[in-house]
Amino acid sequence: MVKPISKIAAAIAPSVTLAISAKAKQMKADGIDVVSFGAGEPDFNTPENVKEAGIQAIRDNKTRYTPAAGIMELRQAICKRMKEDLNLDYAPNEVVIASGAKHSVYLSIMVCCDPGDEVVVAAPYWLSYAEMIRMAGAIPVEVHAKASANFKITAEQLEAAITDKTKMFMLNSPSNPTGMVYTKEELEALAAVCEKHGIYVLADDIYCNLVYDGISYTSIASVSPAMKEQCIVVNGVSKSYAMTGWRVGYTLSNATVAKAMASYASHSTGAPATMAQWAAVESLEGEQDSVEQMRQQFELRRNHLVERMNKIEGVSCIKPQGAFYVMMDMSSFVGKTMYGHVIESDLDFAELFLEKALVATVPCTAFAAPNFLRWSYATSMENIDKGLDRLEKFIAEA
């Protein structure tokens, strides 16, 4: 009899949202008119100049292995773009390209954390964070932000969560799933705590270009020289340039961490596809009009979705400041019977909503935010209205 798989692999929790996602996809495949709000990717196409750069790279036979940290041209382009966009000063040897920002987060954790280390995570958080931490043999420590605090934790909460075993603090701003953005002052307070304890900060800035209401975005790495030394900034081209499938993410960190990360990548995945890296060069160095055009469309959709959702009896949401998600509070239905089913959780509500109203959303228990559903407005205004019409009817006829 073959021996069991590793204990770490066996302990990885499957996504609780997978069943709903799979059911929604099957219903669509069967020709059922399901409206989906689960997508974590822009519904826009990759800009034409970027697509052409990828095609040209293939024609030019730029199809061979690259250094594990990525091509120098892309690392240089990242340094320039991060200076212009986020006022971050990094050298190319402090940049490591990875197969998407998700891979960048994973590499950061694996390089910095030993088994038994604790990683403090600001919750609600993207569901993969905790599993990645466990894959490194480390322990996730959740610090919960309440809706009444606009889903943002305080420096006092962070301080209370830190122990002698704490190795890293993970922060995502703008946040998936909440869409909330930390102010410069809030980041300075959090940074002061991290500097005091000498812990790494993993700053997931992947949605940095998608902020609204004239907000000025600040990366925590920019608040002080000490914080920059302790910080690993994660970013990529997926959200800002509608390049999710190209799989190009990157990290900016001190040279020691970057060198270790490149070594880790060299013995596992290597660098992303060469032609995808050249396309990413064009996305960062080419015209940036498409970024702003997409941002404006997302802001219009957000405004419409939030205004309509808050008029529907029984549900509500806080107006997000960035990314493309809205957290719908459905807690008023917990314990109630709908269509003959007792609603005990957001998962129950989401399953029934899909079955009866043909609308797919993401239950947020997996994001450490029970009794909320995540709606992505990376979809058309027509679909937003259709989904909200169905929500209204679903609640009224329950």
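**Side-chain contacts, pair by pair**

Guide: Start with Lys-62. Its charged end sits over the ring of Trp-278, 3.7 Å from the ring centre. "Over a ring" means that NZ of Lys or CZ of Arg is within 6 Å of the ring centre and within 35 degrees of the ring normal. Lys-228 lies over a ring face too, that of Tyr-90, at 4.6 Å from the ring centre.

A word on the source. This is a predicted model, where local features need pLDDT of at least 70 and side-chain atom pairs count only at pLDDT 80 or more, while totals for chains, interfaces and linings use all residues. Residues are numbered from 1 along each chain as its sequence is written, and side-chain values use heavy atoms, with hydrogens and water left out.

Now ring against ring. The structure holds 16 aromatic pairs. Rings of Phe, Tyr and Trp (its six-membered ring) pair if their centres lie within 6.5 Å; planes under 30 degrees apart are stacked, over 60 edge-to-face, and the rest tilted. Phe-37 and Trp-375 make a tilted pair, 4.6 Å centre to centre, with 45 degrees between the planes. Phe-37 lies in the loop between β1 (35–36) and α3 (48–59), and Trp-375 in strand β15 (residues 372–376), so this pair ties together parts that are 338 residues apart in sequence. The helices (H or I, at least four residues) and strands (E, at least two) are DSSP runs, numbered from the N terminus.

Trp-375 is buried, with a relative accessible area of 0%. Buried means under 20% relative accessible area, exposed over 50%, and partly exposed in between (1.4 Å probe, protein chains only).

Next, Tyr-207 and Tyr-325. They pair edge-to-face, 5.8 Å centre to centre and with 80 degrees between the planes. Tyr-207 is in the loop between β6 (200–204) and α9 (225–230), Tyr-325 in strand β10 (residues 325–329), and the pair links these distant parts of the chain, 118 residues apart. Both tyrosines are buried.

Rings also gather. Ring pairs link Phe-37, Phe-333, Tyr-339, Phe-349, Phe-353, Trp-375 and Phe-394 into a cluster.

On to the charges. The whole structure has 21 salt bridges. In each, a side-chain nitrogen of Lys or Arg is within 4 Å of a carboxyl oxygen of Asp or Glu. Take Arg-301 and Asp-43, whose side chains meet at 2.8 Å, N to O. Arg-301 is in helix α12 (residues 289–309) and Asp-43 in the loop between β1 and α3, 258 residues apart. Arg-301 counts as buried, at 7% relative accessibility. Asp-43 is partly exposed, at 36%.

Lys-167 forms a salt bridge with Asp-117, the closest N and O atoms being 3.3 Å apart. Here strand β5 (residues 166–172) holds Lys-167, and the loop between α5 (101–112) and β3 (118–123) holds Asp-117, 50 residues apart. Lys-167 is partly exposed, with 23% relative accessible area. Asp-117 is buried, with 14%.

Then Lys-152 and Glu-186. Their side chains meet in a salt bridge of 2.9 Å, N to O. Lys-152 sits in the loop between β4 (139–144) and α7 (155–161), Glu-186 in helix α8 (residues 184–197), 34 residues apart. Lys-152 is buried, at 10% relative accessible area, whereas Glu-186 is partly exposed, at 28%.
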